[in-house]
Amino acid sequence: MEWIHFLMDSRSVMSVFKRAPSLKGVRINELTLREDGPCMSLRIDLNEFPLTPPEKWKTQGANRVQLTLCFIDVSKLAIQGWGLDNVGDVALEKVNDEADLQLSIEGSGIYIACCFKFLQMERISAYHDSSVGS
């Protein structure tokens, strides 16, 4: 099952992309933990840019999409490694019939895993990344 099917509402992503963008080799910019929920927000840079981006993104000269995902009712959280180049593969899967879901991020020097109940899109945005195309 594609990761987008785990979102409570996938319309914001699907309004920009024709299909679910890959979460392989994404840059993890920020990880935020909050006790309400408990929740964990994950801000990542995608490697894909939509073929037909919103007009606002074209005007801004954007070439990189950034997602902030919120994992709700987080448990069994494990974090190993964190540095200046946090790149990894993000995987989501259903772990049992009781709607428990699992996140795992594995990359060079980083490992993050947790169970969660719900996934929400907090934000989708774009910016100009000068390293793209270099």
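**Salt bridges and a nonpolar core in close-up**

At 38% relative accessibility, Glu122 is partly exposed (buried is under 20% relative accessible area, exposed is over 50%, partly exposed is in between; 1.4 Å probe, protein chains only). The model is predicted, with local features needing pLDDT of at least 70, side-chain atom pairs counting only at pLDDT 80 or more, and totals for chains, interfaces and linings using all residues. Residues are numbered from 1 along each chain as its sequence is written, and side-chain values use heavy atoms, without hydrogens and water.

**View 1. Glu122 and Arg34 meet in a salt bridge.** A salt bridge puts a side-chain nitrogen of Lys or Arg within 4 Å of a carboxyl oxygen of Asp or Glu. Here the N to O distance is 3.2 Å. The pair links distant parts of the chain, 88 residues apart: Glu122 is in strand S8 (residues 118–127), Arg34 in strand S1. Strands are DSSP runs of E, at least two residues long, numbered from the N terminus. Arg34 is partly exposed, with 30% relative accessibility.

**View 2. Glu30 pairs with Arg43.** Their closest N and O atoms are 3.0 Å apart in this salt bridge. Glu30 lies in strand S1 (residues 26–34) and Arg43 in strand S2 (residues 39–45), so the pair ties together parts 13 residues apart in sequence. Glu30 is partly exposed at 35% relative accessibility. Arg43 is partly exposed too, at 24%.

**View 3. Lys117 forms a salt bridge with Asp100.** The closest N and O atoms are 2.4 Å apart. Lys117 lies in the loop between strand S7 (110–116) and S8, and Asp100 in the loop between strand S5 (87–94) and strand S6 (101–107), so parts 17 residues apart in sequence are tied together. Lys117 is partly exposed at 30% relative accessibility. Asp100 counts as buried, at 17%. The model has nine salt bridges by this rule.

**View 4. The largest nonpolar core holds 34 residues.** A nonpolar core is a set of buried Ala, Val, Leu, Ile, Met, Phe, Trp, Tyr and Cys residues joined through side-chain atoms within 4.5 Å. Trp3, Phe71, Leu103 and Phe116 touch the most other members. S1, S2, strand S3 (64–72), S5, S6, S7 and S8 are the elements that each give two or more residues to this core.

Terms used: Helix = DSSP H or I, 4+ residues; strand = E, 2+ residues; numbered from the N terminus.
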